[in-house]
Each structure stands twice: as C-alpha cells, then as structure tokens.
Amino acid sequence: MSVTSDIPQLQRRWPEPRAAITLIKPITWFPPMWAYLCGAVSSGATFSINLLLLLLGIVLAGPIVCGMSQAANDWCDRHVDAINEPNRPIPSGRIPGRWGLWIALGMSVLSLAVGWQLGLWGFIATVLAVLAAWAYSAEPVRLKRSGWWGPGVVGLSYETLPWITGAAVLSAGAPAPSILLIALLYGLGAHGIMTLNDFKALEGDKQMGVASLPVTLGPERAALWACWIMAVPQVVVIACLVLWDRPLHALGIAAVLFAQLAAMRVMLRDPKAKAPWYNGTGVVLYISGMMIVAFALRSMEG
C-alpha cells in the first residue's frame, strides 16, 4: 500500500471519541505507572501521608505523559501506520486532519501543568519525559529511526525516569544511589522489551527506512540481542541484592529471571511469530521483579 499524502482524504471534521481513546493507547500506560509505584515503594515513604502525591504521579505517568507520547508517536508515524496498520485512528480517518497533532500538543501542555503540582523533582522529570517523547518520534531528531537509541530512550522513559520520580516525589529529595542504580538497570533492560515490540512493524519499518534492530539485524539476531539486553541487567540486580545482604529478594529475582529464560527459549524458536507472545508473558515476569527489588530497597531505606 502506498501513501500519497501526509493526511488521508477524510470526511470527518471531529475525532471519533472511541478513536481518541485508542490514540492514547491505555494498554501502554501500565509500565510507567508501575515504575512510579515501584519508586514510591522503594523510597520508604508512608503512603497514607503521601497518598495524593502517589495517585497524582501514577495518573501523570500513565494516562497523561504516556498517553501523550502515544499520540505524538502515532501522528509522526502516520505514514508507516498507513502501511503496517491502516486501521489505526489517524490513517483510517477516525482522527481527521491535524487532530492527532493537536491532541499530542494539548496533552504535552497538560503534562507540564500536572507535573508542576508534584514539586521541583516531579516537574523536572515531566519536562524530560515530554522532551524524550517528541525526540523519539518527531523530525528532525526522530530517535525511533535507530534500533539502538530509540528503544533505549523509551526504556529509560518508561522505567527509569518514573521510578526515580516516584522515589524523589514521595521522599521529597534526591533518591539514594541504590535506587538510582536499580532504576537505571531496569530501564536499560527495557531496551530489549522495546526491541521485541518493534517486530510488529517490521515490514513498514523496512519500507520507511526505520533502522530498528529487527530490520538491521534480522529477526533471529535481534531477538537474541533483546534477550541478552533484558537478562544481563537482572543478573547485575541479583548481584547487588546479594552485596546489600538481601538474599531472599535476590532469590526472588533469580526465580523470575529463570522463568523468563524459559520463555525466551520458546520465543527464539520463531521470533517473528512469538515476540508478541513473549511481550505478554516474559514482560510480566520482568516487571514483577521490579517490585521485588522495590521492597528490598524499602527495607534498606527503613
């Protein structure tokens, strides 16, 4: 299928309400919300005293900032989506004209306004998240063109940044070095998750010159790299927990990593077909480990 113009010929003047919800992809909100909660847990703060900051941060990380990033990505990817997934809201015409752009810009402003309510740490993190979202999707930067930089920025934005933000906001100060290290490790490991997510756009990425790892390395090698990228940071996390005298938590991470390795073996037999399956199984194990570590850090903070 070829794309003959930036914006398809449409008959609607206003976005279809259901399509507007689809545009901001509620299914993608969970990882940053979970990471913010992990950060809050790891801070050692009392939730009953900081309940408003906890809930506001979770809403900001998921529906607002992540939703904004999805709208921005869909607008900037409308050409690729017309090839890969023509039924998406923008290429299908259910979000007409430049409404996709206006939604993304409006949510960027809303993100900054809500982030301001979380104090200096929350606002700085929100600014970084908004900049990262646009840098990932929009020209001339468009980090998405790189199979290394693109998934890296998303992983850090989805896991590391909200984790650090949750810890900083709830504790009203800079997080401990141990929290920063763990948040960074899980953000780096998420690079592999995002690489597997790129498998669904393989054909469109080839046609549009997006150099994702599945395109540049091929599905088999890209899947193998993704597995290594996900596994190695978790091994480092286990070593840190042992050094920090948290052997039971280390054992818990080892257990979820072992289960991931079993799922990886299945996925590697047919990466193109099994990558979506792994994203629904192995990723759950990955984020479960995040919460185990969060409670280990909480016990250290206490």
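This is a predicted model: local features need pLDDT of at least 70, side-chain atom pairs count only at pLDDT 80 or more; totals for chains, interfaces and linings use all residues.
**Stop 1: helix α6.** Start by selecting residues 99-116, which form helix α6. With 18 residues at 1.5 Å each, α6 should span 26 Å, and its end C-alpha atoms agree with that at 26 Å apart. Now colour the buried residues of α6: G100, L101, I103, A104, M107, S108, S111, V114 and G115. They sit on the same side of α6, because they cover an arc of only 160 degrees around the axis. An α-helix has 3.6 residues a turn, so residues three or four places apart point the same way. Turn to the other side of α6 and you will find V109 and W116, both exposed.

**Stop 2: the salt bridges around R88.** The whole structure holds 8 salt bridges. Zoom in on R88: its bridge to D81 has the closest N and O atoms 3.2 Å apart, and its bridge to E85 has them at 3.1 Å. R88 and D81 are buried, while E85, at 30% relative accessibility, counts as partly exposed.

**Stop 3: R142 and E139.** Here is another salt bridge, with the closest N and O atoms 4.0 Å apart. R142 is buried at 7% relative accessible area, whereas E139 is exposed at 51%.

**Stop 4: a nonpolar patch.** Finally, show the surface of L224, W228, V232, V236 and L268, a nonpolar patch of about 430 Å². Helix α12 (residues 219-243) supplies the largest share, 4 residues. W228 lies in this helix and is exposed, with 54% relative accessibility.

Technical notes:
Residues are numbered from 1 along each chain as its sequence is written. Side-chain values use heavy atoms; hydrogens and water are left out. Patches are made of residues with over 30% relative accessible area and no salt bridge: like charges are joined within 9 Å, nonpolar side chains (Val, Leu, Ile, Met, Phe, Trp, Tyr) within 5 Å. Accessible areas come from the Shrake-Rupley method with a 1.4 Å probe; for residues, only the protein chains shown count as cover. A salt bridge is a side-chain nitrogen of Lys or Arg within 4 Å of a carboxyl oxygen of Asp or Glu. Helices (H or I, at least four residues) and strands (E, at least two) are DSSP runs, numbered from the N terminus. Buried means under 20% relative accessible area, exposed over 50%, partly exposed in between (1.4 Å probe, protein chains only). The expected span of a helix is 1.5 Å times one less than its number of residues. The arc is that of the directions from the helix axis to the C-beta atoms.
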